[in-house]
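Please read them with the coordinates open.

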Amino acid sequence: MKNHFPLLLFPQAKIVSPKKKPSFSSSQLHFPEHGRQVVRLGEQLTSLQQNFEYYKASVNHSVLGLEPEMVLVIEIAGRIDDFRQAVEEIGLEWFGEWGIDDISPSDDFYEEPKTGVNSSQKNISATHINKKLSGSLFLSLSNEAGMRKLLSLWKHWKSKQKLPRGRTKWQDIFDQIIQIRHWGIKETLDETGMRDRWHDLLESITPGQSIPFQIELFYRKSPEKRRQRENAIRTLLANVDGRTLGEFIDIPDIAFHAVKAALPEERIRQLLSDLDSNTQDTRIQLFKFSDIMHFRPTGQSLAVTEDGEGGAAGFPLGTEDGEGEFAGFPLEKVELPPVAAILDGAPNLQHKKLKDRLLFDDPDNLAAEYQPGQRKHGTAMASLVIHGDPMENSSDPLQRLVYMRPIMQPDPNTKDSVEHFPDEIFFEDRIERAVRRMFEGEGTVPAQAPGVRVINLSIGDPDRPFIHTPSPWARLLDWLSWKYRVLFCVSAGNYSDAIDIGIHQPNYMALADEEKVAHVLKCIQSRLSGRRILSPAESINSISVGAIHTDNSGDYPPGQRTDLLPHASLFSPTARLGHGFRRSIKPEIFFPGGRQLYRTPALDKHSSYNLDSGIGKPGQKVAWDSNQPGDFSKTAYTRGSSNATALATRSAARIYEVLNTLRTELGEDIPEGLISVLIKALLVHGAKHDDGARRALDAALRTPENSRKFKELASRYLGYGIVDIERVLGCTEQRGTVLGCGEIHENKIHEYKLPLPPGLASTRVWRRMVVTLAWFTPINPSHRNLREAKLEFSPTGKWDSLPLKLTRQNADHHQVLRGTVQHEVLESEKQIEAYQDDHSILLQVACKKDATTQIDHAIPYGLAVTLEVEDEDVPIPIYEQLRARLQPRVAVDAVTGTR
């Protein structure tokens, strides 16, 4: 191991005033002429009025005690500032917005060329006519009075009259509207897949059976109105023999208001028939109610995302303790308080590898629901967090207890007892309660694990892949992360469907390994939309983790199994792939997840390969819950993003120990409130694209059409890269890592001075600089951007003009700014300029508002910078020269919290 030296810290950051950046001309959106827009919007508003009248007639509002209202959907091309204010000024209630970047251009709306393009080209530029447009969807609630005001403004605009004072913003709004319509069945039932789901379910369900589902409501600002809507939902359900399952959930901080409900099978059947025939029967009032945003599955099918867990009978179990790599693990009692937590299923606390290593907290007594052999996933995750992969060199167990809280339980309705959340339970509620209990306590119970800095969440919702807008679950993690200054490591999810490679098995086997990889990559690319990451992996404050197709289990008997991606540095063939919210990089990082094999199809029969879910090799060796009572030493081999996430959490706990050593043994003053965000920065800091994986993607997927955007495309498969955690735990003679952290306010800049080692001046050596900035942001759930704070680091000058002459590698330089981690890898082999001994690179961290009018809080951030040269044949003491020039160090400023 080459990491012999401790991490370094920057002196206190200098606070500097921001400078105005020069503005640049950009492309302009073309909007339709006024006459054309009058025709377009006239038709839409007429339809909107008719729908409003129909809605008043189809829902008996007098029985509900409510006035008729309708949710409007306004699709805008381009940007309109202060739209919320314009909406609320005419009496409409604002429900939210989200950005869209896939608007198809038309003859009315398209992007014009930038300034300077020959005017004759503007009408023939296919590049601009065919380019997807960006814009926003706005949601607002209108009653009859609001509709009248909207139509009055429309008449003024239509006839080119001056709009009333305070309403002039509607001039731009009407110019830029692509579509205005009401929120209806398409959104509530169809886009969530519920109509199709119910149709499929009714083909196999037992007559008379009750069907559970979830109702999500638009979030009303008034608590009184929220209670009124709850009563209305109960009435509408009762009218069709339905009922609520438990209480409504109401979390204002994430704008989440919902209830679990159930309807008899025959009612669902009749309701779908009425909907399909477009009847105005009053029985479908429930589906027409304006306050309902979505009908969704209840989470009954919610399962852990590790698909190798439920090995069918006949697959061999793993080895006994004492027969393999687990045998040498020490069993001494661990008592240090936890910094890592796991929210999962219940583990087998008596397993030899977990005994006395978990701080187990089960206030709901969920462990009592398990039978022997059912505590598989929680046991495996705890095993990986505590011990890692026992076949790795760095597999010493964690020095501290790990806090573990069960939040799932076995589903008695499945033969494999899949772990799930019951129909009447919101996973948002269980997670919020669990995290609050950790940090604040519950009732008279004090805080159970206030020192936790990272929480493992190796579960996801297979019924809710991420599409456009963050789920309530993701928003909850964002809010909890900000509130408690804690990092969530979240599984990106697994893709468990079969993979159809389009050619029969003999033809595939005749290919060379590189050809096999290229062929399968193209098949995955063609069906990429089905591999979206699973909620809550889109959480912007969390780190999402994907699985790499590798492990240390060695050779294995292939049997009738096939490795579809015989390339150790690529993502697992079961991987869920990005992007994240606003096309941010998700998952950000990848850890080993085990080699996933597929069952070999019969010769010349078909080309579809099904997942092999056995628990023998290959894979990662984990503690396993035996079906035999009293057997506490069983192990198994498992695979998936769950495993990768657990290894990321383990790495985060190891980073904590390094930071804690800096504080306790070296006297560094790192504020406790900034530990989690520094862990976040360092966890990503060790990530880098694998050269072999990058070449494989390039060979298989790069085309002339996508070459300019290939970095962004590749990030769906690679994220920021595979994490080499050993690189961030310490330094070597030729590699130095320097840390900074602080809390920054809006429109402030913190400037860090990175001294340049004099040994590099005027040399021609390969060098790399890695810079990672991570932060936690408060969220605004009603704004299209969600994150309130946007941070960014940049040098004072361009990278390639500074003495080290560095150029960006890996990720797209725009895409790295869309989340809450900016990770840049810069390299060069060019001649380095001559510079003086005291020369430095100035790195500036800037804070700007994003989804708010004003940031009311200081934003916590962590910064990591690594400078290195190749170890071999380069006798430049990078670390020592950095350390000497970073002295003397200055304590953390009590006011700014910066170093």
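1. Strand β25 (residues 543-548) and strand β27 (residues 589-592) run parallel and are joined by four bridges. Ile548 stands opposite Pro592 in β27. Strand β27 also has two bridges to strand β33 (residues 721-723), again in parallel. There, Phe590 faces Ile722 of β33. Pairing here requires at least two DSSP bridges between the strands. Helices (H or I, at least four residues) and strands (E, at least two) are DSSP runs, numbered from the N terminus.

2. A word on provenance. This is a predicted model: local features need pLDDT of at least 70, side-chain atom pairs count only at pLDDT 80 or more, and totals for chains, interfaces and linings use all residues. Residues are numbered from 1 along each chain as its sequence is written, and side-chain values use heavy atoms, with hydrogens and water left out.

3. Next, an open sheet of four strands. Its order is β5-β7-β4-β8, with antiparallel pairing. Strands β5 (93-103) and β8 (177-182) are the edges, and each pairs on one side only. From one strand to the next the twist averages 20°. Angles run from 0 to 180 degrees between N-to-C directions, and axes are lines fitted to C-alpha atoms, for helices over the stretch in contact.

4. Within that sheet, nine bridges hold the antiparallel pair of β4 (residues 69-77) and β7 (residues 133-143). Met70 stands opposite Ser142 in β7. Helix α6 (residues 169-176) packs on the sheet and touches β4 and β8. The direction of α6 makes about 95° with that of β8. Contact means heavy atoms within 4.5 Å.

5. A second open sheet of four strands has the order β2-β35-β40-β37, and its pairing is antiparallel. Strands β2 (14-16) and β37 (789-795) each have a single partner strand, so one side of each is left without a neighbour in the sheet. Neighbouring strands are turned by 30° against each other on average, direction ignored. Strand β35 (residues 749-755) runs antiparallel to β40 (residues 840-849), with seven bridges between them. His750 stands opposite Val845 in β40.

6. How do helices α13 and α14 cross? The axes of α13 (residues 427-439) and α14 (residues 472-484) come within 10 Å and cross at roughly 10°. That makes α13 roughly parallel to α14 (under 35 degrees; over 145 would be roughly antiparallel, 65 to 115 roughly perpendicular, the rest oblique). On the α13 side the contact includes Phe427, Ile431, Val435 and Phe439; on the α14 side it includes Trp473, Leu476, Leu480 and Tyr484. The contact residues divide into 11 nonpolar, no polar and three charged. Ala, Val, Leu, Ile, Met, Phe, Trp, Tyr, Cys and Pro count as nonpolar, Asp, Glu, Lys and Arg as charged, and the others, Gly among them, as polar.

7. Glu440 lies in the loop between α13 and β20 (454-457). Buried means under 20%, exposed over 50%, partly exposed in between (1.4 Å probe, protein chains only). The side chain of Glu440 makes a polar contact with that of Tyr484, at 2.6 Å. Such a contact is a pair of N or O atoms within 3.5 Å; within protein, one must be able to donate a hydrogen and the other to accept it, and residues adjacent in sequence count only if both atoms are side-chain atoms. Glu440 and Pro450 are 10 residues apart in sequence and 7.5 Å apart in space, C-alpha to C-alpha.

8. Arg296 is in strand β13 (residues 292-296). At 14% relative accessibility, Arg296 counts as buried. Its side chain makes a polar contact with the side chain of Glu216 (3.3 Å). Leaving aside neighbours within four places in sequence, Arg296 is in contact with residues including Thr192, Phe213 and Arg464.

9. Helix α19 (residues 691-701) has several buried residues, among them Ala693, Leu697 and Leu701. The buried residues of α19 pack against α16 (513-526) and α20 (710-718). Asp690 caps the N-terminal end of α19, with a side-chain oxygen 2.9 Å from the backbone nitrogen of Gly692.
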